[in-house]
Amino acid sequence: MAKPRPVAGIRPKSRLRPNARRILGVRIEEVFAYDGIIADPARVTELHDMRIACKRLRYLLEIFEVAFSSDLDPFLEQVKRLQDILGDIHDCDVQVPMLVEHLGWLEARETEAIRIAVAAPARRPGARASEAAFERFQSEIEAARRVDERPGIHALIAMRRARRDDLYTAFLDEWRAMKRQRFRAQLESALGIASADA
Amino acid sequence: MARAWNVRGLKDDSRFTDAAGRVILTRWREMMSYREGTLAGDDIEDLHAMRVSSRRLRAAMDAFAGAFPAKGFRRYLREVKTVTDTLGEARDLDVAIEGLEALRDEMEPVAQAGVTGLIDRYRQERTVEGVNIADLFARLERERFARGFERWVHTHTGVDVARLAPRPPVADPER
């Protein structure tokens, strides 16, 4: 996770507003620094880092809104919307590898259960073979196998991948709309920060 | 999601250090108000609310880092991060279990066994996370973390938590 950039020039003994401006200016820049990079849907880490940057900005707007006379709620809602979509994308990016890992876990459990069944005393050399013993062995092996659990996991993986695609499209739409509406310049203006986007 | 508690006495012309003390102590008490419910584990929303509050607290600490000396600050921030992360592990499993249960009913019968197996696995892991949370809070209690933290904030901001008396939004008539 990207660490927040240090904010220079904080003066603890002075008032809230000038310090809040400095801090928010840096955090706004952090969000917009991802513009361009996140045009590639495979940039999983950067999309996650952008979500964290949005979260920081959102919480800071909540904390500092008392220091400003402008209504910051529309900006807060916009940042939250973006953060939520990025959060859902991140959930998919985390869940797919977890589901793939679960398939491996199922296989490992299956292998272990079969190893135990095969090593049972009735199967040791010299034990008397019988039809009943074979059927018991067969049913133990059948119980140990977990093939019936795999289709559900494969289905979940496919569903998560499809949802990820949809979410990424929604994210790009939202981000482009924010840029079209000059979100950054509007927010900086509301905060009294000299805009980099002007 | 639980609403953030109002920060009492915070004004547009507050000094940075005073605002730091008020916001951080309010978020701290807000987070700790969910401790009992989280430990009881009867309602997953208590843990969720506590985690959200811990994030708000972290954000407040990041915002007001400039009001505190770096050394002590890092230690306290690290501990708050441990709370967020520990709660996060459990929360992720709660969300996964809830989501999978809802999804299972919509899936083809042939796919349901796999989802049930996955839910069972996550439930077992969630039990372990419950123990981790209890261990964490027991350690913080042993180390008297709450008292140390509240004193440390008071020392550097002048804000006393007893006088600030943070409380949930419905009971706050000042804002």
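**Helix packing and chain contacts in a predicted two-chain model**

User: Happy to look at this predicted model with you. At what angle do helix α1 (residues 16-32) of chain B and helix α6 (residues 145-157) of chain B pack?
Analyst: Good place to begin! The axes of α1(B) and α6(B) lie 9 Å apart. The angle at which these two helices pack is about 165 degrees.

User: Is α1(B) roughly parallel or roughly antiparallel to α6(B)?
Analyst: The angle between them is about 165 degrees. Angles over 145 count as roughly antiparallel. That is why α1(B) is described, relative to α6(B), as roughly antiparallel.

User: Which hand does the crossing of α1(B) and α6(B) have, left or right?
Analyst: Here the handedness concerns how α1(B) passes α6(B). The crossing is left-handed.

User: How do the residues of the contact of α1(B) with α6(B) divide by class?
Analyst: Let's look at who takes part: α1(B) contributes Thr17(B), Asp18(B), Ala20(B), Gly21(B), Ile24(B), Leu25(B), Trp28(B) and Met32(B). From α6(B) come Ala146(B), Phe149(B), Glu150(B), Val153(B) and Thr157(B). By class, the contact has two charged, three polar and eight nonpolar residues.

User: Turning to chain A, how far does helix α3 (residues 73-118) reach from its first C-alpha to its last?
Analyst: α3(A) has 46 residues, and at 1.5 Å a residue 68 Å is expected. The model comes close to that, with a reach of 66 Å.

User: Which element gives the largest share of the side of chain A that touches chain B?
Analyst: In this contact, 26 residues of chain A meet 27 residues of chain B. On the chain A side, the elements giving two or more residues are α1 (16-32), α2 and α5. With six residues, the largest share comes from α5(A).

User: Finally, what percentage of the residues in chain B are buried?
Analyst: Chain B is built from seven helices and has zero strands, and its C-alpha trace spans about 65 × 35 × 25 Å along its principal axes. Of its contacts between residues at least 6 apart in sequence, 72% join residues at least 24 apart. Among the 175 residues of chain B, the buried share is 35%.

Note on methods
Residues numbered from 1 in each chain as written. Chains lettered and ligands numbered in written order. Predicted model: local features only at pLDDT ≥ 70, side-chain atom pairs only at ≥ 80, totals over all residues. Axes fitted to C-alpha atoms, helices over the stretch in contact; angles between N-to-C directions. Helix = DSSP H or I, 4+ residues; strand = E, 2+ residues; numbered from the N terminus. Parallel < 35°, antiparallel > 145°, perpendicular 65-115°, else oblique. Left-handed = near helix turned anticlockwise from the far one by under 90°. Contact = placed C-beta atoms within 7 Å. Nonpolar A, V, L, I, M, F, W, Y, C, P; charged D, E, K, R; others polar. Expected span 1.5 Å × (residues − 1). Buried ≥ 20, exposed ≤ 12 C-beta atoms within 10 Å, placed from the backbone.
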